[in-house]
Every structure is written in C-alpha cells, then in structure tokens.
Amino acid sequence: MSKSIPMERAYLLLVALAVFVGCWLAPIDTPAREQVNDGLKRALTTFAAARALGAVVSVAQGTQVDATPGGVGVSFAPGQALKPLNELIEQFAAIMLAASVSFGVQLVLLNIGAHQLMSYLVCAVALVWIAARWRRGSAPRWLQSALIGLLLVRFAVPLCAVANEGVYRIFMANEYQAALSGIEKSPTSVIDATQEAPSAQEGWRERVERWLPKLPNLKATYDQILKSASDWAERIVKLIALFVLQTIVLPLAFLFVAWRLARATVRGPTTATSASSRPMAAR
C-alpha cells in the first residue's frame, strides 16, 4: 500500500503536467480549426456542385416539345424521365447543407473550448481534483464528473477534428476528389445533350421547323442523359456516404473514445489501487 502512494502521486503530477501543456504550451486548437475549415469548404463546394447540377437537370426535366401546327399534333415532355434524378439531387443538396452546418457547429465548439476562461476553469478544477486525491486518495464523485466534462469540452472536439481529418486524408480523399470531379462536370454534359431545346421566344412555326426533323433522335438524346444519370447517382451516393462518415459516424466514435479516455484518466489509479488492496484485506 505504501508503494502505491508515490506511484499515484507521480500519476497525479503527470496528469497536471498534461493538462497544463495541453491548455497553454501546446494547444491543438489552431490545427484543428484549420482542418474543420477544410471540411467546411469541401461541404460547401459539394453543395454548390449539387445545386448547379440540380438547376441544369430541372431545366432539362422541364423541356417540352410542341408539334401542334393548326392545333393538331402532339405535345410531350421527354425530360420528365429525369424527375427521379432531380429528386435525388435535391436530397443530396440538403444533406450537403446539413454537413456544412455540422462543420459550422464544430467550429463554434472549438471556439468555446479554446477560450482562455475554459482553460483557466479546466486547470482550476484539475488542481482541486489533484489536491483531493493527494490528501485523501480519492475525490468526490461530483468533482470527477465535473473534470471529465471539462476535459471533453476543452480537448475532445479538437482531438476528434484532427483524428477525423487524418482518417479522411488517408482513406477518403481520393474517392472524394474523383466523385466531386464527376459531379462538377455533369452540368456540362447535360447542357451539351439538351442544347437543341427551343427557346421561349420561338413561335409554334419555328418550333415545328426545329423539332420535326429531329424527332427520331429525341429519344436517343434523353436515353444518353439517363445513361449518364446512373453514373451521377453512384457518385452522389459515394459523396453522401463520405460526408455521413465524416460528420456523424466518425465524430461520434472519436467522442466516445475521448470520453472513455477522460474517464479512465480521472478514475485511473483508484481502480487499480482498490483492486490490489482487496486481496490484502482478505488475507
């Protein structure tokens, strides 16, 4: 038992040093903020690409062919075949907006945790906890809970942001760039496929003269759009999966790990000491 007291006090000094260094000498807030900003830029860029693609597909979807000379003929809208794709793009844009908001929330939490008052508060509570452990060998439960919460507020968000960005750069960056480049090039392909659409200023005679010779090729044009649309859908799903991982799954996983680490740090040697003392008491 006497040997465990110096070890526990050395552990407490190590915790105090780690908290002080993390708060004042080597804060991780600046690189974490830069990496969250990078994630926010990616989300906003993807959101803008989704809105651009949605606008072009909406125009193609609303394309209508009128071949009604003298009131006799047909009127149809071949672009309505793009309606499911347009709905997918709208949902994609909404998810990208939510991802942007998630990164914005992380920036706010980073600013709160990096404030000097938070650092002072973490250091003060840590010193009170260390003093209680130093004198009594244990600290009140409310003090342990308060220190765990403050450690999470001060360190969890920046550590999670750095780890999240590291996972992205190692495993997801290439897939993101490939999928985004395909989405960004998609509006051009849609415009090229539908550039023969009549303008609103053309009268019915001009429309007939324009469309009647091209009616046999109309179905092939929109078939080409739908064929490309399957590739767009695949890229959209990949981007959704990447951002769901980066804004929901990975942050929650890293936050859970940070919580377990803070809890183990605060409750650390007490469990080991009590476990080692039980056999001695039984003897």
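Are E8 and R133 buried or exposed?

A: Both E8 and R133 are buried, where buried means under 20% relative accessible area, exposed means over 50%, and partly exposed lies in between, with a 1.4 Å probe and protein chains only. This is a predicted model, in which local features need pLDDT of at least 70 and side-chain atom pairs count only at pLDDT 80 or more, while totals for chains, interfaces and linings use all residues. Residues are numbered from 1 along each chain as its sequence is written, and side-chain values use heavy atoms, with hydrogens and water left out.

The side chains of E8 and R133 form a salt bridge, with an N to O distance of 3.2 Å. A salt bridge here is a side-chain nitrogen of Lys or Arg within 4 Å of a carboxyl oxygen of Asp or Glu. Because E8 belongs to helix α1 (residues 4-25) and R133 to helix α4 (residues 116-136), this pair ties together parts that are 125 residues apart in sequence. In the whole structure, eight salt bridges are found.

A second bridge joins the side chains of R169 and D38, at 3.5 Å from N to O. R169 lies in helix α5 (residues 141-194) and D38 in helix α2 (residues 29-61), so the pair ties together parts that are 131 residues apart in sequence. R169 counts as partly exposed because its relative accessibility is 48%. D38 also counts as partly exposed, because its value is 28%.

Together, D38, R42, E165 and R169 are linked in a network of salt bridges.

The wider setting is as follows. The protein chain has seven helices and two strands, where helices (H or I, at least four residues) and strands (E, at least two) are DSSP runs numbered from the N terminus. Along the sequence, their pattern is α-α-β-β-α-α-α-α-α. Of the 283 residues in the protein chain, 38% are buried. Among contacts (heavy atoms within 4.5 Å) with a separation of 6 or more in the protein chain, 81% are between residues 24 or more positions apart. The accessible surface of the protein chain, computed by the Shrake-Rupley method with a 1.4 Å probe, comes to about 16000 Å², and 65% of this belongs to carbon and sulfur atoms.
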